Amino acid sequence: MKNKFIKRKDEERVVSLSFLSNEIAESRPASKSKCRESVKRKKRTALGADLYSDIETTGVNDIPVVKACNVEPPQRILPYNVWREERDMDAAVCFYIDDYRFASLRQDPMTVIEKIKNAPFVIAPDFSQTTDMPAWQRMNNSCLNKAYAAYFQRNGLNVIPNVSWSLPDSYEYCFEGLPKHSIICINSMGANASSTSRYLWRKGYEQALKVLQPTFILRYGAVMPGEHTEISKYYDNPFISRMRYGS
């Protein structure tokens, strides 16, 4: 019995050591690529923490607060990917483009800031809030837009608030954290796609003006029926202009 007991303990020790060795092997990066991925994960975590540090939030939903901006309207508005190439110092930078074209903002916002820090003005980011998205994703993207806007302001960029919405249920949070009596920017690209999209755009536009009472509106995209054109300046999408005029 004694010998059997000793043998069993030895077997348990071998199993234990084998398990420990596997734990060590799994915890140790097996390649440089795994090391880089580990560093990237830590970097993303640190960036997420830094993004929300020292940013004022609302008392209702803890949504980041964007400060007011009252300036002379820029001569032009260029998408982020175009402005990086042209460096037009008379143009404001906007993010009214496909999300993947500025996806780097989520991973490394400081690199994006370095690329646009000399722009006279930056329209706050515009991660999509399409009507076919789940409610949580629309709210998340709305909050992200304000978080990055506040982060830009904290790092010295001249930020013009971007106002966006989706379905009427978004009114509960999409205008929260945005300043009143400020110049704002509103995009209408895609709003003419259908009667439903025009209706939803118009309803959100009216609610935005009612809640925010802007001093002036920079309008990116075509004029929509019933707008307050007397307090608005309109800017063409450069891609559409080039297709239209061949320049």
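Biologist: Where is His-181 found?
Modeller: His-181 is found in the loop between helix H7 (171-174) and strand S5 (183-187). Keep in mind as we go that this is a predicted model.

Biologist: What is the phi of His-181 like?
Modeller: Its phi is positive, about 55 degrees, although His-181 is not a glycine. Most residues other than glycine have a negative phi.

Biologist: And is His-181 buried, partly exposed or exposed?
Modeller: His-181 counts as partly exposed, at 44% relative accessibility.

Biologist: OK, what about the phi of Arg-87?
Modeller: Arg-87 is not a glycine, and yet its phi is positive, about 50 degrees. You'll find Arg-87 in the loop between H3 and S2. Its relative accessible area is 39%, so Arg-87 is partly exposed.

Biologist: Let's switch to charges. How many salt bridges do you count?
Modeller: The count comes to six salt bridges. Side chains of opposite charge can pair when their charged atoms come close.

Biologist: Which residue does Asp-90 meet in a salt bridge?
Modeller: Asp-90 meets Arg-76, at 3.6 Å from N to O. The pair links distant parts of the chain, 14 residues apart: Asp-90 is in the loop between helix H3 (80-86) and strand S2 (91-94), and Arg-76 is in strand S1 (residues 76-79).

Biologist: How exposed are Asp-90 and Arg-76?
Modeller: Asp-90 is partly exposed, with a relative accessible area of 38%. Arg-76 is partly exposed too, at 33% relative accessibility.

Biologist: Which residues are linked with Arg-76 in a network of salt bridges?
Modeller: Asp-88 and Asp-90 are linked with Arg-76 in that network.

Biologist: What about Glu-227, which residue does it form a salt bridge with?
Modeller: Glu-227 forms a salt bridge with Arg-219, and the closest N and O atoms are 2.6 Å apart.

Biologist: Are Glu-227 and Arg-219 buried or exposed?
Modeller: Both Glu-227 and Arg-219 are buried. Lys-117 is at 44% relative accessibility and counts as partly exposed, and Glu-114 is partly exposed with a relative accessible area of 45%.

Biologist: Nice. Moving on to helix H5, which residues are buried there?
Modeller: In helix H5 (residues 109-116), Pro-109, Val-112, Ile-113 and Ile-116 are buried. They cover an arc of only 100 degrees around the axis, which puts them on the same side of H5.

Biologist: Why would residues three or four places apart point the same way?
Modeller: An α-helix has 3.6 residues a turn, so residues three or four places apart point the same way.

Biologist: Where does Phe-152 lie, and is it buried or exposed?
Modeller: Phe-152 lies in helix H6. Its relative accessible area is 0%, so Phe-152 is buried. Phe-152 and Met-110 are 42 residues apart in sequence, and their C-alpha atoms are 9.0 Å apart in space.

Biologist: What volume does the largest pocket have?
Modeller: The largest pocket has a volume of about 840 Å³. It is lined by 29 residues, and Asp-126, Thr-130, Asn-187, Met-189 and Gly-190 lie nearest its centre. S5 and helix H8 (195-212) are the elements that give two or more residues to this lining, and H8 gives the most, with three residues.

Biologist: Last one, the whole chain. How many helices and strands are there?
Modeller: The protein chain has nine helices and seven strands. Of its 247 residues, 40% are buried.

Key. Residues are numbered from 1 along each chain as its sequence is written. This is a predicted model: local features need pLDDT of at least 70, side-chain atom pairs count only at pLDDT 80 or more; totals for chains, interfaces and linings use all residues. Side-chain values use heavy atoms; hydrogens and water are left out. Buried means under 20% relative accessible area, exposed over 50%, partly exposed in between (1.4 Å probe, protein chains only). Helices (H or I, at least four residues) and strands (E, at least two) are DSSP runs, numbered from the N terminus. The arc is that of the directions from the helix axis to the C-beta atoms. A salt bridge is a side-chain nitrogen of Lys or Arg within 4 Å of a carboxyl oxygen of Asp or Glu. On a 1 Å grid over the protein atoms alone, a cavity is a set of points where a 1.4 Å probe fits but cannot get out, and a pocket is an open set with protein on both sides within 12 Å along at least five of seven lines; lining residues have an atom within 4 Å of a point. Grid points are joined across faces, edges and corners, and a volume is the space filled by probe spheres set on the points.
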